[in-house]
Amino acid sequence: MCHRLGCQTTETYEEYVSRENSTASSVSTVSLLSLKMGYWDLPEGTDCIGKTWITTKLGTALGLVGSAYHIVAFQPDSALVALQRATNTTVTMATMGAIFGMATCLSAQAREAPDDPLNYFIGGCASGIFLGARTHSAMTGTSACLGLGTLAFFTKVGKMEGWKIAGPPEL
């Protein structure tokens, strides 16, 4: 009950903590639900910016992990060299993710075949071509185009057909 001199409450400390925790858990539940929406949740050929953002974040994460392993395996001479290596690798992988996401989505729109695995081959190949250009090597670009394109193609086919690489056995 509130009046001019202030508020008096009969709420105990435990009730206050319980009320605050329930509010915080509902906020964190909303945050978790928004985080769960991933690449496969968006329809193919739609929201190219959103799909590109997701693949860019994934490429960035893979680049950071890969560069960390590289720095541990091949010790640099100084902290500056380590930072340059990590930045180089991370930016390259993030760019490859962005190219994959955008090329896959745009090819799905242009070809008017959103669920065709060929779109994924095109995206993987485009990322491989970028890698070849980055390393100034046509052989690297060709190999990466074919390798990443094939990997992406079979990833989409596996997703469409329900392939499982790991998990509990079906009885």
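Student: Which residues does Thr-52 touch, not counting residues up to four places away in sequence?
Tutor: The model is predicted, so local features need pLDDT of at least 70 and side-chain atom pairs count only at pLDDT 80 or more, while totals for chains, interfaces and linings use all residues. Residues are numbered from 1 along each chain as its sequence is written, and side-chain values use heavy atoms, with hydrogens and water left out. Contact means heavy atoms within 4.5 Å. With residues up to four places away in sequence set aside, Thr-52 touches Ala-98, Gly-101 and Met-102.

Student: In which helix does Thr-52 lie, and is Thr-52 buried or exposed?
Tutor: Helices are DSSP runs of H or I with at least four residues, numbered from the N terminus. Thr-52 lies in helix H2, residues 48-73. Buried means under 20% relative accessible area, exposed over 50% and partly exposed in between, with a 1.4 Å probe and protein chains only. Thr-52 has 10% relative accessibility, so this residue of helix H2 counts as buried.

Student: With which side chain does the side chain of Lys-156 make a polar contact?
Tutor: Lys-156 lies in helix H5, residues 138-161, and is buried at a relative accessible area of 4%. A polar contact is a pair of N or O atoms within 3.5 Å; within protein, one must be able to donate a hydrogen and the other to accept it, and residues adjacent in sequence count only if both atoms are side-chain atoms. At 3.5 Å, the partner side chain of Lys-156 is that of Glu-44.

Student: Which residue forms a salt bridge with Lys-156?
Tutor: A salt bridge is a side-chain nitrogen of Lys or Arg within 4 Å of a carboxyl oxygen of Asp or Glu. For Lys-156 and Asp-115, the closest N and O atoms are 3.8 Å apart. Lys-156 lies in helix H5 and its partner in the loop between helix H3 (79-111) and helix H4 (117-135), so the pair ties together parts that are 41 residues apart in sequence.

Student: Which residues do salt bridges that share partners join into one network?
Tutor: Lys-51 forms a salt bridge with Glu-44, with 3.8 Å between the closest N and O atoms. Both ends are buried, Lys-51 at a relative accessible area of 1% and Glu-44 at 13% relative accessibility. The network of bridges with shared partners consists of Glu-44, Lys-51, Asp-115 and Lys-156.

Student: What is the N to O distance in the salt bridge of Asp-116 and Arg-111?
Tutor: Asp-116 is partly exposed at 24% relative accessibility, and Arg-111 is partly exposed at 35%. Their side chains meet in a salt bridge with an N to O distance of 2.6 Å.

Student: How many charged residues are in the lining of the largest pocket?
Tutor: A pocket is an open set of points on a 1 Å grid over the protein atoms alone where a 1.4 Å probe fits, with protein on both sides within 12 Å along at least five of seven lines; lining residues have an atom within 4 Å of a point. The largest pocket is lined by 18 residues, of which Thr-55, Leu-58, Leu-62, Gly-97 and Phe-100 lie nearest its centre. Ala, Val, Leu, Ile, Met, Phe, Trp, Tyr, Cys and Pro count as nonpolar, Asp, Glu, Lys and Arg as charged, and the others, Gly among them, as polar. The lining has eleven nonpolar and seven polar residues, and the number of charged ones is: no charged residues.

Student: What is the volume of the largest pocket?
Tutor: Grid points are joined across faces, edges and corners, and a volume is the space filled by probe spheres set on the points. For the largest pocket the volume is about 470 Å³.

Notes. Helix = DSSP H or I, 4+ residues; strand = E, 2+ residues; numbered from the N terminus.
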